[in-house]
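Hello,

Here is the structure I promised to pass on. Please have a look when you get a moment.

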Amino acid sequence: MNRSNCKVAVTSRSFSKHLGLRNELLNKYPETDFNDSGEFLSGERLVEFLSRHNKAITALETLDESVLARLPELEVISKFGVGLDMLDLRAMSKMGKKLGWTSGVNRRSVSELALSFMIAGLRKLNYCQKEILAGRYRQIQGRELTGKTVGIIGCGNIGKDLVEILKPFKCTILVNDIVNYAEFYKKHKILRVSKEELLSNSELVTLHIPLDDSTRGMIGKEELNLMKSTSVLINTARGNLVDEVALLEGLRKGKPRLAAFDVLAQEPPEDFELISLDNFFISPHIGGSTEESIWAMGKAAIDGLDNGRGPSEFMLHSG
């Protein structure tokens, strides 16, 4: 199909607001519609926006089989970001739709946020602010990251990058992944252990795995009970990896001592019971939201419109 005749829809709000990415895309595909309403598109509104388009750039919008079935003209979906859990890959494959996707383009942005959560968690920075706002100005003792044992669940692109930026802190690093990156582990003196051993021995646990049927709810009551009473749980991946009901109970009991999340099972949240705890703090899914990362993800998404492949090639991707 000639680009000049090809209709493209961009559902992502952050892509749509980025003047540089808009111009880059319009130079290739003049017939492009952007999500300038600023609303998160879902269900009927998502179908309405994507209708009569041949290609699309999506982000956190859910395109399940029921949505895809109503978009017969949509041939290629290119992902702005790295998570694929919002897309029904099997349905896309069955319907002959192609996927444009590049792994790891936002790894430094996410790994730096995980690092900031580690330091902020150990120094209790969110609690410090709450105390000051409540009129209690006092010194609060924290702990250093240097020399701590860090457990990384998922050692794909982001997990590996986190290993690199933790080097100056001389941490002992434990990893758990279904893939054995033996050469990487050996090079960086990393110990590959079971999930149970990692949870029991780490002072900081950070999640960097995709969300699928095998990982959904993988951190529940049993896993939280294995954690140290001094530990910090960090999640910059996907909210549904953690059972939030079990986490609420665990934080109230002090296992883990603190949790720092960039993601929730429901976004935006409607239940603030977990978020209101003094030992829980959250950011609004900003892992990939840096100037550098948005540009890299946007460029990859634009390229993906022309380089889409069969979704089945991505079904077994990890990390």
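Below are some notes on a cavity and on one residue.

This is a predicted model, in which local features need pLDDT of at least 70, side-chain atom pairs count only at pLDDT 80 or more, and totals for chains, interfaces and linings use all residues. Residues are numbered from 1 along each chain as its sequence is written, and side-chain values use heavy atoms, with hydrogens and water left out.

First, the cavity. The structure holds one cavity of 30 Å³ or more, and the volume of the largest cavity is about 60 Å³. Here a cavity is a set of points on a 1 Å grid over the protein atoms alone where a 1.4 Å probe fits but cannot get out, and lining residues have an atom within 4 Å of a point. Points are joined across faces, edges and corners, and the volume is the space filled by probe spheres set on them.

The lining is made up of Lys221, Leu224, Asn225, Ala246, Glu249, Gly250, Lys253 and Lys255. Two or more of these residues come from each of α11 (221-226) and α12 (244-253), helices being DSSP runs (H or I, at least four residues) and strands likewise (E, at least two), numbered from the N terminus. The largest share, four residues, belongs to α12.

Now the residue. Val193 sits in the loop between β8 (191-192) and α10 (195-201). Beyond its neighbours within four places in sequence, Val193 is in contact (heavy atoms within 4.5 Å) with Leu174, Val175, Asn176 and Leu198.

Best wishes

Notes:
1 Å grid on protein atoms, 1.4 Å probe; cavity = no way out; pocket = protein on both sides within 12 Å on 5 of 7 lines; lining within 4 Å.
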